[in-house]
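Dear colleague,

Please find below the structure that I am handing over to you. I would be grateful if you could read it alongside the notes on its aromatic rings.

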Amino acid sequence: MKKIVTISREFGAGGGSIGSELAAETGFEYFDKELILMMAGKGDVDIYSILKWDEHVPIHFGFTQSLFDFYSRPLSERVFEAQRDIIKKIGEKGSCVIVGRNANTILREYDHSLHVFVHADFDWRLENMKKRMPGRTEQEIADEIRKVDKKRTKYCSYHTSTKFGDSRYYDLCLDSSRLEIQTCVKLIREAMED
């Protein structure tokens with residue numbers, strides 16, 4: 001049985017809901033962006049910097065900075081490294097569901113892991129996010145979906161040299177706009193048993 005499940009997702013596709021439901025059904029620990037950022041904030045990078053630089057690609061920096069000095073590297077790289085170290089520690093313990101954070105790539109060589117990508121039609125994601133973002137216009141929500149997807153794609157490419165959402169980097173890809181959330185959870189559980 002798979003003891004580590006990572007879930008990457010398009011913004012608004014329900015990956016977080018699928019992950020939390022899967023964790024509840026299996027008794028696995030659940031880790032999402034907020035928990036990992038909080039844990040990383042207890043290390044060498046302060047929480048305010050983590051929140052500011054989360055999912056940002058570093059701005060090119062001067063030649064005088066040493067690539068080997070942790071503290072002189074761009075803060076966005078230090079944030080990624082802090083999160084990567086936390087994700088590896090979580091993966092070593094096993095029995096966990098990790099949503100986001102490029103965990104599929106970070107833990108790709110860990111035994112007993114299953115890497116899932118959740119995507120959905122844009123209109124479905126828009127309707128889903130309308131429920132979660134009351135008080136925002138449809139255009140604002142649509143813009144936010146595009147912005148977050150673009151940021152995740154760029155961040156993934158920079159830090160992992162992979163393409164966000166490319167099926168070659170996942171064991172299972174699910175379309176939550178065609179499948180109910182509960183069906184996605186069921187399919188993941190079945191894949192965990194193989």
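The notes below concern the aromatic pairs.

This is a predicted model, in which local features need pLDDT of at least 70 and side-chain atom pairs count only at pLDDT 80 or more, while totals for chains, interfaces and linings use all residues. Residues are numbered from 1 along each chain as its sequence is written, and side-chain values use heavy atoms, with hydrogens and water left out.

A search of the whole structure finds 2 aromatic pairs (rings of Phe, Tyr and Trp, the last by its six-membered ring, with centres within 6.5 Å; planes under 30 degrees apart are stacked, over 60 edge-to-face, the rest tilted). Phe 117 and Phe 164 are edge-to-face, at 5.3 Å centre to centre and 85° between the planes. This pair links distant parts of the chain, 47 residues apart: Phe 117 lies in strand S4 (residues 113-119), and Phe 164 in the loop between helix H7 (138-160) and strand S5 (172-175). Helices (H or I, at least four residues) and strands (E, at least two) are DSSP runs, numbered from the N terminus.

The ring centres of Phe 117 and Tyr 170 are 5.1 Å apart with planes at 40°, so this pair is tilted. Tyr 170 also sits in the loop between H7 and S5, 53 residues from Phe 117.

Phe 117 is buried at 4% relative accessibility, Tyr 170 at 8% and Phe 164 at 15% (buried is under 20% relative accessible area, exposed over 50%, partly exposed in between; 1.4 Å probe, protein chains only). Together, Phe 117, Phe 164 and Tyr 170 form one aromatic cluster.

Yours sincerely
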